[in-house]
Amino acid sequence: MPGERLTVRTTSEIGRFPGAAPPTRVELSIQKDEKKEEGGCRRWFRKICPCCCKRQNGTSYDVTDKVELTKLPTPAPVVGPEPIKPKPENGETKEMEEVKLSVCSVELLSSKTGQNRMEHHTDLYDGDELIIRRGQAFQVEMELNRPFNNDTDKLHLELKTGPLPMVSKGTHVIIPLVEHLEDERWEAKITEQSGNKIKMSVNSPANAVVGLYGITVTTRSGKGETAATHNSNKNIIMLFNPWCEEDTVFLDDEEHLKEYVLNDTGRIYYGTEKQIGARTWNFGQFTEGILDACLFILEKSDMPPSGRGDPVNVVRVISAMINAQDDYGVLVGNWSGDYTGGVSPAAWSSSVEILRKYHSSNGTPVSYGQCWVFSGVTTTVLRCLGIPARSVTNFQSAHDTDVSLTNDVYFDENMEPIDHLNSDSVWNFHVWNDCWMARPDLPPGNGGWQAVDSTPQETSQGTFRCGPASINAIRSGQVFLKHDAPFVFAEVNSDKIYWQRNLDGTFSQIHSEKKAVGHCLSTKAAGSEEREDITHLYKHEEGSEEERIAVETASRYGSKPEVYSAPMAEDVRVDVKMDGEGPKMGCDAQLSIVVKNMSSQARQATLHSQVAVMYYTGVLKNAIKKDKIPVDLLPNEEKTIEWVLPFQEYQNQLVDQAALMLTLSGRVIETQQVLANQTTFRLRTPDLTITPVGEAVVGKEMAAKINFTNPLPHTLKGVVFRVEGLGLQKGHEVIVGDVGGHSTVTLTEHFIPTHPGPRKLVASLDCKQLSQVHGVANIVVLEK
């Protein structure tokens, strides 16, 4: 092609040469073995497909490692006849130019002891398939029919999952080849090249659809040329990734990850609160055939593959599919005592046989299960798919059948039980599951542990399933938050209400038990065989004012909102205010709690305050301070209470984004009005200040000073600045090192603007102890 030069070299370095373009020519360096000379046709065929045509008799050819088209200036037109191009010799016409790029083989590097599965924490799974977790790079190798040329060759990967893959649904993924990988997107980059072989690093986003993917590689050698495709005979299995901060199932505790994702055995508790028994259960999520069975369950459900990226959807579907009601799920429930035709629920001690039997029978429900069996299998499936999960036992567990959020017992006029009305019950114990995830569909603070129950008790949206319900929402009585929070609340914290029928047919409350249900909620402790009591996660201390407020708040959303007397008045308001832009990192955090009495009578209340660290996903890490604040208000008085969180109490507790949630609750003594307020606030981090120095002109060197002051009293370790300006300078890192407490760092950047107009120089600080520190300078660059 005029103006281009096809250069073939024996090294990987390709130069670019100035000057007028000579006629297109091919420079080849071929070393022949003197013993035997190979024919031109066979050489041509071997170069097209070396996989099929191997060298024989020790013949050695040292042809190019790389081919590059080098653009040169177009020469001035020449008057006269075109120069005669030399004819090719031995029929080797444009050899490399005409060889269409194709893939000979794809190696998914799926060994259990290899880099992929070790880095993705999937080395425990049986088998040699490529099992990876989303939001994390993985490696693949492929052999091509000739060396890959970055300048002229095109290559991309395609992953497909589900019966009808669609790009718009995220089930048909086209992965482009890029020079630099970026997080949170599907991309691939060539990291190694040796002859005809290339190694690629492939990125996936943290919200990718989980499941089984087929992989195809598409290649194209030049413009207008038809693409060649290669379908790998091996598949990729994508799982949730609780090690990835951007994944909604991220769990920031290594000991908990080992227990709730990687431990394949556990303990399930039963009996009564005074006689708690424990049995060992084999979850077996890594055993041969179990991952296939879990993927089969997802396939058998009605959930479209595009919905498998959201753990809320997946957990809800698993809750329905573990029981056989409605959808021919895994287990048939049986509480009759007659287990003819199946296995007694008490005889099971493992999920493995159950899941294998269900899968091998193509989805015939297995007989029989009760709550601990349903829970054990649910733990297996969730851990297998990458969602942290545990089995939880509740003693004295209420079963609310009418969404009253109370456990009701009815008597007639003579105090005889009315059996047909007494449908509510209290089980000696009931076993369900907790699973861990953020809840972006709920208000902040409701992520973390979620209750999910696969035992078929009541329907939810027409199907026997329950959850995921936020445990934080249950604890505070916010049962209006989905999914199925009222039912779980009633199991752990409903009051037992006794009713007597009056002569006119109405019923009156005659007695209530406030501590009848929800005792000794138990799960296996992380890292040991001990029982951990997690009752405090589900409810406030029994009988405390916070617990009573939660019960009464919840009951207002039930079918009997009049069970607890409504407040006589609601004339007190609670608000939280902050000065200016809010508290600063490194200082005491100060907020103002404003309580206003809008009545003409005095009011008294006690406010309970709790502040907790919160991830940006809305998951609460842990409470770091609790207080009780007595409030006395005169008629029409407004009172401001200064609330302070000392730096020493939060300095070692913060996570990325430095967000905190302050929760206030209380009750007005005179009117029984419930007071509640939740406020999320962030500890402001300092800005990087960027000051341009000198005139900004294209092609002329200028500088910018970047200043940063450490707001903390202790040293920041391993500080790195990242600086970039489009049209100003390429992105790069500046290693600063340690920065002492309250110390100031000044960095001077020198650069030469390349493009005129308004430009932005941006900088950010990279340091584990301090995040969200950045700055920008607006620079107007003049023409040269």
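Tutor: A patch is built from residues with over 30% relative accessible area and no salt bridge, where like charges are joined within 9 Å and nonpolar side chains (Val, Leu, Ile, Met, Phe, Trp, Tyr) within 5 Å. The model is predicted, so local features require pLDDT of at least 70 and side-chain atom pairs count only at pLDDT 80 or more, while totals for chains, interfaces and linings use all residues. Residues are numbered from 1 along each chain as its sequence is written, and side-chain values use heavy atoms, with hydrogens and water left out.

Asp126, Asp128, Glu129, Glu288 and Asp292 together form a negative surface patch. Asp and Glu count as negative and Lys and Arg as positive, whereas His and the chain ends are not counted. A charge is placed at NZ of Lys, CZ of Arg, CG of Asp or CD of Glu. A salt bridge would be a side-chain nitrogen of Lys or Arg within 4 Å of a carboxyl oxygen of Asp or Glu. Accessible areas come from the Shrake-Rupley method with a 1.4 Å probe, and for residues only the protein chains shown count as cover.

Arg308 sits in the loop between helix H5 (290-300) and helix H6 (311-321). Its relative accessibility is 3%, so Arg308 counts as buried. The side chain of Arg308 makes a polar contact of 3.2 Å with the side chain of Glu299. Such a contact is a pair of N or O atoms within 3.5 Å; within protein, one must be able to donate a hydrogen and the other to accept it, and residues adjacent in sequence count only if both atoms are side-chain atoms.

The backbone comes next. Most residues other than glycine have a negative phi, and most peptide bonds are trans. Tyr328, which is not a glycine, has a positive phi of about 50°, and this residue is exposed, with a relative accessible area of 57%. Ser367 and Tyr368 are joined by a cis peptide bond with omega of about 0°, and Tyr368 belongs to strand E15 (residues 366-369).

Methods:
Helices (H or I, at least four residues) and strands (E, at least two) are DSSP runs, numbered from the N terminus. Buried means under 20% relative accessible area, exposed over 50%, partly exposed in between (1.4 Å probe, protein chains only).
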